[in-house]
Amino acid sequence: MRASDLPIKYRLMMKAYRWRRIEPVPAALLRQPLASARVAIVTSAGLVVRGEPPFDLARRGGDPSFRLIPDAAAPADLEIHHRSEAFDRTGLARDLNVAFPRDVLAELARAGSIGSVAARHVSFMGSITAPGRLIRESAPEAAAVLHADRVDVALLVPV
Amino acid sequence: MSLVASVLEKSGIATVVLSVLPEVSAHLTAPRTLLVPFGLGAPVGPPDDRDTQRRVLQAALALTAEGAVPVTRVWEGAV
């Protein structure tokens, strides 16, 4: 997919958006083989467990909060709350793994390619044009949850 | 999501980003990025194509073994 294939509204938004650069790029090295590492998903598909507060689709600058998705949550209990019209939901509705690859990770864990799958995953909505609170508050909170669950690797899946 | 990646990396968690938009990743430079040829909304691969999805995740997670970051690879597998 090229950005030039996007609807004009999103092309203009990307052109005007002031990309935040973080330099130098901070990097944590994985100090163990992947085969013993615990992996969590961080998706921006806007998934919410049924019954929990939905993302605020109208909030200026985007809703920077996140929801936790138990690895064991049933697909029927997961809802998609997303403000962006730029991405195709049909794939996600048919097979959550296209943006929330929980079953794929389970397969990799069974095969011994990864150590284990985290008990909880993290879901953001994305479409956040004013990321101040995301950087200062919600992303560090998500990091704390992943640390509590002893996660070694986060797989980020932006839709 | 590259911003979230930076926060997680600073806290000690290694991250890998799947990206369907090369232009955006070039701007933001997460430590480890796999560029994939799928549409917006399905970075892991086509629905119900578990074989492709598994190979995409294997390629993405393998980036954690790279010593030098930032590293960006292009998914070369068949679509």
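**View 1. B:Pro70 lies in the loop between α3 and β3 (71–74) of chain B.** Helices (H or I, at least four residues) and strands (E, at least two) are DSSP runs, numbered from the N terminus. The peptide bond from B:Val69 to B:Pro70 is cis. Its omega is near 0°. The model is predicted: local features need pLDDT of at least 70, side-chain atom pairs count only at pLDDT 80 or more, and totals for chains, interfaces and linings use all residues. Residues are numbered from 1 along each chain as its sequence is written, chains are lettered from A and ligands numbered from 1 in the order in which they are written, and side-chain values use heavy atoms, with hydrogens and water left out.

View 2. The score is pLDDT, the predictor's confidence in each residue, from 0 to 100. Chain B averages 87. In this chain, 89% of the residues score at least 70. For the complex, the predictor gives an ipTM of 0.92 and a pTM of 0.87.

View 3. Between the chains, 14 residue pairs are in polar contact, both residues at pLDDT 80 or more. A polar contact is a pair of N or O atoms within 3.5 Å; within protein, one must be able to donate a hydrogen and the other to accept it, and residues adjacent in sequence count only if both atoms are side-chain atoms.

**View 4. Four salt bridges link chain A and chain B.** A salt bridge is a side-chain nitrogen of Lys or Arg within 4 Å of a carboxyl oxygen of Asp or Glu. A:Glu107 bridges to B:Arg54, with the closest N and O atoms 3.4 Å apart. That pair crosses from helix α3 of chain B to helix α3 of chain A. A:Asp95 bridges to B:Arg50, where the closest N and O atoms are 3.9 Å apart. Over all chains, the count is 11.

**View 5. β7(A) runs parallel to β1 (residues 14–19) of chain B.** Four bridges join these strands. Two strands pair if DSSP finds at least two bridges between them. A:Leu155 stands opposite B:Val16. A:Arg150 is in the loop between α4 and β7 of chain A. Its phi is near 55°, a positive value in a residue other than glycine.

**View 6. β6 (residues 120–123) of chain A pairs in the parallel sense with β1(A).** Two bridges join β6(A) and β1(A). A:Ser123 in β6(A) is the bridge partner of A:Thr43. β6(A) also runs antiparallel to β3 (residues 67–70) of chain A, over four bridges. Here A:Ile69 stands opposite A:His121.
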